[in-house]
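The entries below follow the order in which I looked things up.

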There are 2 protein chains.
Amino acid sequence: MGRAAAIKPLREVQGWEDEADVIVVGLGAAGACAALEATSAGADTLVLERASGGGGTSALSTGQIYLGGGTPIQEKCGFEDSPEEMYKYLMASCGPGVDEPKIRLFCDHCVEHFHWLVAQGVPFKETYYGDGSYTPTDDCLSYSGSELAHPYRDVAKPAPRGHTVQQETIEAGAMLMRRLLESVDGCGARIQVDTLCETLVVDEQRRVVGVVARVDGSTRHLRARGGVILTAGGFINNTEMVERYAPMLRKCKMRLACDGDDGRGIRMGMGAGGEAVRMETASIVLPFTVPKTLIQGVMVNRQGQRFINEDAYQTVVGEAALHGQDGQVYLIVDDAIYEQPFPPTEIAAVGETFEELERELGFAEGSLQSTLELYNRNAERGEDPVFHKASPFLVPLVRPPFAALDYTTDTAIWAVFTMGGLRTAPDGAVLTPDGDVIPGLFAAGRTTSGLAAQGYSSGLSLADGTFFGRRAGRAAAAPVV
Amino acid sequence: MGRAAAIKPLREVQGWEDEADVIVVGLGAAGACAALEATSAGADTLVLERASGGGGTSALSTGQIYLGGGTPIQEKCGFEDSPEEMYKYLMASCGPGVDEPKIRLFCDHCVEHFHWLVAQGVPFKETYYGDGSYTPTDDCLSYSGSELAHPYRDVAKPAPRGHTVQQETIEAGAMLMRRLLESVDGCGARIQVDTLCETLVVDEQRRVVGVVARVDGSTRHLRARGGVILTAGGFINNTEMVERYAPMLRKCKMRLACDGDDGRGIRMGMGAGGEAVRMETASIVLPFTVPKTLIQGVMVNRQGQRFINEDAYQTVVGEAALHGQDGQVYLIVDDAIYEQPFPPTEIAAVGETFEELERELGFAEGSLQSTLELYNRNAERGEDPVFHKASPFLVPLVRPPFAALDYTTDTAIWAVFTMGGLRTAPDGAVLTPDGDVIPGLFAAGRTTSGLAAQGYSSGLSLADGTFFGRRAGRAAAAPVV
């Protein structure tokens, strides 16, 4: 993956090939929003993108942004929300080890952020879809986390906060980025694609003053008078970094990432003295919830036990299943609730009775049977005193044949991206292990550890990127305008 | 905790108050062994210790060192072992994400390392104690990991490898350090106590050339011609670092650490460009195995389920219980196996039947009952097809009253120290995020991520410290002698 942390001392720079007030490294959602705010603040802004065009992983995403606190769309669709309820939910679900100041700032200014996105031309339809990590229609609002599930439904008043950009098909991220890039094109920022930033230039006071970049096979030294903003994505596509920091993730088949997610931005920041934190964390999607009737199934481990309420958000189920159960999990269904799941997965075993299913799975005698008998007994009363799955999903499994859908990491498509990264102040300044600000260096998006220190709700990464990208743009512009 | 990562540029150093070939920061086991090898290689060695005397956390430990591959004591006690079997066990149990080259080197040279320790005056009695994380007598050898437990017993031929230094009482670490410090005293190294290293001095080529230290309220600049070795312990006593990197650890009551374990060494290394890895990992001791009959109990979570084979090593149980069960676990015993545990813990509930016990615990009806019925049914046949606990510990729980011993983190004494730290080459050189060596900078012991990237067996930290401390001492001396 090449070097990135080996910073270039200013004294070794013979001259600058170009300069700007603010240099943005990477043109995904975070980079676009940083560039928009930096230029809006009056800064001459240069955006460098290694690919041949902007978009990054944001353009490949579902285009769902976690927003709330009372947005016009929440109100239009009849959902009450407030910054306080949103704060309570995020504080409870994004931990342990949350960055409280970031969550506070985000909740307090979320409605304003929604309006800003609309002002950039990002379209949202004023409709409620339901719940899920993505919206296959052009609808907007959905429950995209564990708001309705135990224990969060008792911690904060539930509200749907997933705001999906209006576009037919799942990949609404393409529409988000089309509109943000159009806005960037018109804002006066200079965009230079096919430009790989190799490292940062640092002066004798350890201030970041520019970048070294490769363009067309030659090396360019680009000066940043105000600051450099790293918005270069995460590190799921860097096998060595995954092995060093989050080795369990290698079990997951699908990486929600573009080629650029090789950790270069994080390593550049570390080389300049930045601290990378929570590097073991990830968004781990175990996609077993489409169609929704499958949530009526019973998720078990190799010991035939349940381990979580199946209506917890699929990334929460995924995290528990990967780290607690080694990725060895099955969804038990009966003939009444079975439908072909999307994405499809294999059927590991079928049986006319729980006993036969248990035997076919090679589970210990009595293990799965006792789990399912206990589940059914309680589900008949509409209760789940063991794991507290909500009643709409509590249906006894009684109609044979019974089947075990194979959701082990060997078989099913688990989808992951990394959540650890540079530690930043809420304004985007990169911090050292001592908590000091590194002058001239900012970061946002998946190059940083953000709102979700651990537990994930869908839309939090685009929220991180867009909301804190804006702040980094303003902060980097401040010294020079 | 003060700054540590803010390195001092050489050009700002007006002059050196002292100098040496090798400077060792911290005088625990790693520092002592580094100093011994550095002086043995002919280097003028200066050891700096922030406390008023050497010892560090090593002196507070149980003095158990993980050694094997066929040591004289293993042979004397009739246990066959080989570097290959030891390698297989460590590769399987210390992951995921193990540092293979370190494990290979350690296994291949472990017998030599034993002889070296003996040559330093470290006493080992040629006796076998049994198994456990510590040896309350002056005996030596014990099973100190999961060698006999599923799945490791099938991966590698089991052998006891915990070598406890000879001393009556649990704290044999005091004897280890007494002897190592005597050896250091006679080796020609200069030892300076009450000296807090604040940061590293780095030249324009990013080479580490010395340290800045506080002595008697004044600042000293100390030059290292060959290298600086960071052996300053872990970070469990730095609340902010624990919150940023490993927030679950704050639930554990007891810190196996001295005051100096505040992460200063790690932060110094990061400031000079070193990469800190696996910062979320820890040795998590859930001490429920004394007296050993308690392993015949059944460990359950709040859902009344088992989650691990109870004969897995107590740190392995602790890790699974903290991260997978939120530290909410109970040990179910009957009147036949109950003895007062050491350390003592509270009894959460008592019942004449499983049903009563379940109700007293506030567990869901049928949850604990079905777990215990299944367990008993299998234990009667001497089997545990669900979690594979070994047969000596498989006894049905049949004699009332039954009790639940409270091992939740709120009540029981969970003991922890951190295992993450600087990434080093096997010779101790500190590496950057790009994998480059930082010239002049070395580290060993809990300031580094070592043999156990994750799963822990007792004695691995003293093994890390002594074995890789020696190598760091030699490597730091090499350029100048």
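These entries concern a predicted model.

**Entry 1: the contact between the chains.** I began with the residues that each chain brings to the contact. Chain A contributes 40 residues, and chain B likewise contributes 40 residues. Helix 12 of chain A gives the most, with four residues. By residue class, I noted 16 nonpolar, 12 polar and 12 charged on this side of chain A.

**Entry 2: helix 12 of chain A against helix 11 of chain B.** I next looked up the partner helix across the contact. The axis of helix 12 of chain A comes within 10 Å of that of helix 11 (residues 367–380) of chain B, and the two cross at roughly 165°. The two helices are therefore roughly antiparallel to each other. Their crossing is right-handed. I listed A:Ser367, A:Ser370 and A:Leu374 from helix 12 of chain A, and B:Ser367, B:Ser370 and B:Leu374 from helix 11 of chain B, as the residues that make the contact. These divide into two nonpolar, four polar and no charged.

**Entry 3: helix 1 and helix 13 within chain A.** I then turned to a pair inside one chain. The axes of helix 1 (residues 29–40) and helix 13 (residues 460–477) of chain A come within 7 Å and cross at roughly 35°. This crossing, too, I recorded as right-handed. Residues of the contact include A:Ala30, A:Ala34 and A:Ala38 of helix 1 of chain A and A:Gly465, A:Gly469 and A:Gly473 of helix 13 of chain A. The contact as a whole holds 11 nonpolar, five polar and three charged residues.

**Entry 4: the nonpolar core.** I looked up the largest nonpolar core and found that it has 324 residues. Those with the most contacts inside it are A:Ile23, A:Val211, A:Ile229, B:Ile23, B:Val211, B:Val228 and B:Ile229.

**Entry 5: helix 9 of chain B.** Last, I checked burial along helix 9 (residues 314–325) of chain B. It is largely enclosed by the rest of the structure, because 10 of its 12 residues are buried. Among the buried residues I noted B:Val316, B:Glu319, B:Leu322 and B:Gln325. The buried residues of this helix pack against strand 14 (282–285), strand 15 (298–301) and strand 16 (329–333) of chain B. Just after the helix, B:Asp326 takes a positive phi of about 60°.

Technical notes: Residues numbered from 1 in each chain as written. Chains lettered and ligands numbered in written order. Predicted model: local features only at pLDDT ≥ 70, side-chain atom pairs only at ≥ 80, totals over all residues. Axes fitted to C-alpha atoms, helices over the stretch in contact; angles between N-to-C directions. Left-handed = near helix turned anticlockwise from the far one by under 90°. Contact = placed C-beta atoms within 7 Å. Nonpolar A, V, L, I, M, F, W, Y, C, P; charged D, E, K, R; others polar. Core = buried A, V, L, I, M, F, W, Y, C linked by C-beta atoms within 7 Å. Buried ≥ 20, exposed ≤ 12 C-beta atoms within 10 Å, placed from the backbone. Parallel < 35°, antiparallel > 145°, perpendicular 65-115°, else oblique.
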